[in-house]
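Hi,

Here is the structure for your files. Please look it over before reading my notes.

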Amino acid sequence: MPEGTPAERRRRAIAAYATMVGALQLSRAVSDRQLSEEILENAVDAALALAKGR
């Protein structure tokens, strides 16, 4: 979390972590391997965007 106040960086870190945990759970819940991988890939993109403040 390169920019922002400590409170903003903390909020983004929590949001990124929650995104990744939720994505992991969801990817394990689906039976389609391709969908599972797509969920994880998109969650990584979303978590990185959150980390960068986008």
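Below is what came out of the analysis.

This is a predicted model, where local features need pLDDT of at least 70 and side-chain atom pairs count only at pLDDT 80 or more, while totals for chains, interfaces and linings use all residues. Residues are numbered from 1 along each chain as its sequence is written, and side-chain values use heavy atoms, with hydrogens and water left out.

Overall build

The protein has two helices and zero strands. Helices (H or I, at least four residues) and strands (E, at least two) are DSSP runs, numbered from the N terminus. The radius of gyration is 13 Å, well over the 10 Å that the globule rule gives for 54 residues, so the protein is more spread out than a compact globule. That radius is taken over C-alpha atoms, and the rule is 2.2 Å times the number of residues to the power 0.38. The C-alpha trace spans about 40 × 15 × 10 Å along its principal axes.

Surface and charge

Of the 54 residues, 17% count as buried. Buried means under 20% relative accessible area, exposed over 50%, and partly exposed in between (1.4 Å probe, protein chains only). The accessible surface comes to about 4200 Å², with 55% belonging to carbon and sulfur atoms. Areas come from the Shrake-Rupley method with a 1.4 Å probe; for residues, only the protein chains shown count as cover. There are 8 positive and 7 negative side chains, and the centres of the two sets lie 10 Å apart. Lys and Arg count as positive, Asp and Glu as negative; His and the chain ends are not counted. Each charge is placed at NZ of Lys, CZ of Arg, CG of Asp or CD of Glu.

Helix α1

Helix α1 covers residues 6-29 and includes E8. E8 is partly exposed, at 36% relative accessibility. Its C-alpha atom is separated by 26 Å from that of Q25, 17 residues apart along the chain. S27 is also in helix α1. S27 is buried, at 6%. Beyond its neighbours within four places in sequence, S27 is in contact (heavy atoms within 4.5 Å) with S36, I39 and L40.

Helix α2

How many salt bridges are there? The count is one. The term means a side-chain nitrogen of Lys or Arg within 4 Å of a carboxyl oxygen of Asp or Glu. The side chains of E37 and R33 form the bridge, at 3.2 Å, N to O. Both residues lie in helix α2 (residues 33-51), four residues apart, about one turn of the helix. E37 is partly exposed at 37%, and R33 is exposed at 66%.

Best wishes
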